[in-house]
Amino acid sequence: LQATEAIIPLIQLFKLVDNDLVNEELPKVYGNIGAAAIGALVEYLAQNQNQLLARVTAINSLEEIASQHPDASNQVKSVLTQSLQSCNQNEAELNGFIVSALINLQAQEAAPIIKYAFNTNQVAEDIVGNWDEVRQSLGINSDEEVQEFIPTPLPSITEASTPDVEEASEDKINALIDLVAQVTETQTPTPENELLKDELASETENTSLL
């Protein structure tokens, strides 16, 4: 349904970092919604107070949007590259996941910033390997092909506001998880699936009005 009304309510589920349905299925949901979700996902990613794995789900959701919507690929590459410019404020593990997404998207234009992050020891190499391995994964043959990145002061991201939505009840969150699980079980349109999609849209709309 590409329900943009569901973008903010579903982000509440990111904090359930131990739930495989959240980690694996929500990126697919945001991929289906498309470019309209990029802004909210970037805002969530930028907030240091959010848990690491929750922010990784936001990264995976952005990558999925780029994969499903090639016309949004450049925008996703750009926002992920900008996120990496804050590498000195990010956890090294988070930077590793950002670099991993940029590799998957073959974002060669991000190479200068990626190299800078490695040179300042801000990337967890156990996630993506060392700089030489990353450079080769991007299809870049030598360091000479990569321009030096000179960082400029960035606005503080610690003042970013949380998306304007009240916390849903635990029962409401569990209901959303169950609906996501059922809807994503199959991609074959059936009357039952359409009913589930309508119910999910209704649930998310009610959540946004809490």
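What percentage of the 210 residues of the protein chain count as buried?

## Overall architecture

Of the 210 residues, 46% count as buried, a class defined by under 20% relative accessible area, with exposed set at over 50% and partly exposed in between (1.4 Å probe, protein chains only). The model is predicted, so that local features need pLDDT of at least 70 and side-chain atom pairs count only at pLDDT 80 or more, while totals for chains, interfaces and linings use all residues. Residues are numbered from 1 along each chain as its sequence is written, and side-chain values use heavy atoms, with hydrogens and water left out.

The protein chain contains eleven helices and zero strands; these elements are DSSP runs numbered from the N terminus, helices being H or I of at least four residues and strands E of at least two. Contacts are heavy atoms within 4.5 Å. Among contacts with a separation of 6 or more, 71% are made by residues 24 or more positions apart.

## Packing of α3 and α5

Helix α3 (residues 38-45) packs with helix α5 (residues 73-84) at an angle of about 15°, and their axes lie 11 Å apart. Axes are lines fitted to C-alpha atoms over the stretch in contact, with angles from 0 to 180 degrees between N-to-C directions. The two helices are therefore roughly parallel to each other, the term for angles under 35 degrees. The crossing of α3 past α5 is right-handed, meaning that the near helix is turned clockwise from the far one by less than a right angle.

On the α3 side, Ile38, Val42 and Leu45 take part, and they meet Gln75, Val76, Val79, Leu80 and Ser83 of α5. By class, this contact has six nonpolar, two polar and no charged residues. Nonpolar covers Ala, Val, Leu, Ile, Met, Phe, Trp, Tyr, Cys and Pro; charged covers Asp, Glu, Lys and Arg; the others, Gly among them, are polar.

## Helix α6 and its surroundings

Helix α6 (residues 92-104) has 13 residues and spans 19 Å from first to last C-alpha, close to the 18 Å expected at 1.5 Å a residue. Its buried residues are Leu94, Asn95, Gly96, Ile98, Val99, Ala101, Leu102 and Ile103. They pack against α3, α4 (52-68), α5, α7 (111-119), α8 (125-128) and α9 (131-137).

## Positive phi in two loops

Glutamine 106 lies in the loop between α6 and α7 and has a positive phi of about 50° although it is not a glycine. Glutamine 106 is partly exposed, with a relative accessible area of 37%.

Asparagine 121, in the loop between α7 and α8, has a positive phi near 60°. At 66% relative accessibility, asparagine 121 counts as exposed.

Technical notes: Parallel < 35°, antiparallel > 145°, perpendicular 65-115°, else oblique. Expected span 1.5 Å × (residues − 1).
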